Amino acid sequence: MNSPASKTAVDRHYDLIIIGTGSGNSIPGPGFEGQSIAIIEKASFGGTCLNAGCIPTKMYVHTADVALQTAEAGRLGLDAEVNSVDWPGMVSRIFDNRVDPIATAGEEYRRGPNTPNIDVYDQHAVFVGERTLRTGQGAHQRTISGDQIVVAAGSRPFIPEAIATSGVRYHTNEDIMRMPRLPKSLVIIGGGYIAMEFAHVFDALGTDVTIIARSTLLGNLDEDLHDRFNALAAERFDIRFGRTTIGADQTDEGISVRLDDGSTATGEVLLVAAGRIPNGDLLDLPSGGIETIGAGRVRVDDYGRSTSAAGVWALGDVSSPYMLKHVANAEMRAVRHNLLNPEKLQKMPHDHVPAAVFTHPQIATVGMTEAQARKEGHNVAVKVQDYGDVAFGWAMEDTTGICKLIADQDTGKLLGAHYMGPHASTLIQQMITVLAFDLDVRQFAANQYWIHPGLPEVTENALLGLTFN
């Protein structure tokens with residue numbers, strides 16, 4: 001592919017430019033050694049997942065799980081308690097000892113002798129023409145172009161206007177885990193997976209948590225999981241269901257959030273977890289001829305190509321309908337293949353996408369909900385299996401965990417699987433396999449061993465409980 005025609009003076013032309021070092025950083029590898037590559041990253045290497053998302057949050061979640069299990073140990077005949085929480089020590093362990101060194105090492109590797117064909121640009125970039133970018137300012141400004149460009153710029157927290165214009169101090173997932181001390185009270189705006197994970201973390205560590213939710217919590221869940229989770233959460237947190245934030249004020253004690261019914265929610269610290277928005281609107285995509293959905297989501301075809309700009313690809317949160325790290329990784333593998341094999345393109349892998357919420361109880365889902373399956377006209381078989389009905393569930397004294405399976409009575413094919421309870425994100429993997437390989441669940445349970453007494457027996461019993469024609 002020839003260098004893009006542009007009236008803008010170009011300082012350097014590359015075979016490939018990658019914007020973002022989350023999943024995008026994994027593209028260079030075997031097959032790209034002979035190509036000149038530019039990687040643009042204005043923040044820390046590793047993207048949201050490493051620096052402010054999946055990895056550090058789960059390290060906090062695990063700590064919270066241990067704290068909550070300790071607090072509830074009395075039901076197992078143990079007299080145990082958490083005497084103190086060393087929040088600064090946790091921050092140091094997670095970030096100083098793990099996350100930050102990995103991010104630094106990732107950048108050093110890309111700048112080092114092992115990848116001599118790669119240049120790293122550490123300033124913000126915007127499109128200034130067809131496959132042409134300007135990065136940096138002043139003496140550090142450079143204009144670069146590429147035969148191929150991969151936009152993997154991720155997403156950022158959405159801030160409601162009522163908070164953005166209020167002038168109050170607020171936190172998002174990007175900085176709340178690095179606070180210098182554990183707050184006594186916390187107000188969370190949002191009812192999605194990020195809000196629920198942080199609500200669990202802070203409550204388990206001793207913070208009083210208030211949640212402001214426009215409707216209910218985790219509204220996309222299957223009805224059985226949704227209703228049970230909301231009931232359990234209401235026992236644990238102060239939840240303002242169906243409320244909208246109209247403003248906020250800074251007080252001597254912290255933050256006071258004003259709600260649409262005239263009430264307020266107060267706390268020492270405010271966390272905004274009201275969703276995420278793609279970062280495409282920060283890149284001046286129109287100047288590159290790149291079509292978007294809304295302001296910031298890159299419109300791509302089934303293969304990850306921009307629908308309007310030749311030689312431009314996109315993956316991850318900036319373009320995907322699924323803002324999940326495992327999806328971004330899978331999309332990266334498809335785009336990497338397509339860059340190297342333009343005559344044999346692979347579609348973006350969006351079939352049977354699973355998701356998990358690392359709150360308490362833990363939640364994992366894949367496939368259709370019961371309502372979706374019925375709406376699509378399937379002859380539905382449903383089984384809801386309690387964790388507490390299998391031996392390991394007895395050992396845990398579990399009273400809230402469930403596995404819900406949805407299948408087609410006529411074909412024996414699994415339509416959806418939904419878990420809420422301990423190790424949900426692990427237990428669901430077998431059902432992800434069933435969907436991925438299009439297996440018939442009428443034989444799946446009987447044709448293999450299930451270790452007794454293991455927690456996967458909850459899946460076995462759910463499968464055996466499905467009825468077929």
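The end C-alpha atoms of residues 353-461 lie 24 Å apart, and the span is 30% helix and 27% strand. Helices (H or I, at least four residues) and strands (E, at least two) are DSSP runs, numbered from the N terminus. UniProt, in an unreviewed entry, lists residues 353-461 as "domain: Pyridine nucleotide-disulphide oxidoreductase dimerisation". UniProt positions are given in the numbering used here, feature names are shortened, and annotations may be inferred rather than shown by experiment.

This is a predicted model, in which local features need pLDDT of at least 70 and side-chain atom pairs count only at pLDDT 80 or more, while totals for chains, interfaces and linings use all residues. Residues are numbered from 1 along each chain as its sequence is written, and side-chain values use heavy atoms, with hydrogens and water left out.

## Helix α2

Helix α2 covers residues 54-71; at 1.5 Å a residue its 18 residues should span 26 Å, and the end C-alpha atoms are 25 Å apart, which agrees. The expected span is 1.5 Å times one less than the number of residues.

Among the buried residues of α2 are Pro56, Met59, Tyr60, Thr63, Ala64, Ala67 and Leu68. Buried means under 20% relative accessible area, exposed over 50%, and partly exposed in between (1.4 Å probe, protein chains only). An α-helix has 3.6 residues a turn, so residues three or four places apart point the same way. The buried residues of α2 pack against α1 (47-52), α3 (87-111), α5 (193-204) and α6 (223-236); contact means heavy atoms within 4.5 Å.

## Strand β6 and its partners

In strand β6 (residues 142-151), eight of the 10 residues are buried. Strand β1 (residues 12-19) pairs with β6 in the parallel sense over seven bridges, and Tyr14 stands opposite Gly146. Two strands pair if DSSP finds at least two bridges between them.

Strand β5 (residues 132-135) runs antiparallel to β6 and is joined to it by four bridges, with Leu133 as the bridge partner of Ile144. β5 and β6 form a hairpin with six residues between them, and Gly136 in the turn has a positive phi of about 85°. Strand β18 (residues 312-314) runs parallel to β6, with three bridges between them; here Ile149 stands opposite Val312.

## The four-stranded sheet and Ser185

An open sheet of four strands has the order β10-β9-β8-β14, with parallel pairing. β10 (238-241) and β14 (269-272) are the edge strands, each pairing on one side only. Neighbouring strands of this sheet are turned by 15° against each other on average, direction ignored. β8 and β9 (residues 208-213) run parallel and are joined by five bridges. Helix α5 packs on the sheet, touching β8, β9 and β14, and its direction makes about 165° with that of β9. Axes are lines fitted to C-alpha atoms, for helices over the stretch in contact, and angles run from 0 to 180 degrees between N-to-C directions.

Ser185 lies in β8 (residues 185-189) and stands opposite Asp208 in β9. A polar atom of the Ser185 side chain is 2.8 Å from the backbone nitrogen of Glu268. Not counting residues up to four places away in sequence, Ser185 touches Thr207, Asp208, Gly267, Glu268 and Val269.

## Pro278

Pro278 belongs to strand β15 (residues 276-278) and counts as buried because its relative accessibility is 16%. Leaving aside neighbours within four places in sequence, the contacts of Pro278 include Gly154, Arg156, Gly296, Asp317 and Met323. The C-alpha atoms of Pro278 and Gly294 are separated by 9.6 Å, and these residues are 16 residues apart along the chain.

Terms used. Polar contact = N/O pair within 3.5 Å; in protein donor to acceptor, adjacent residues only side chain to side chain.
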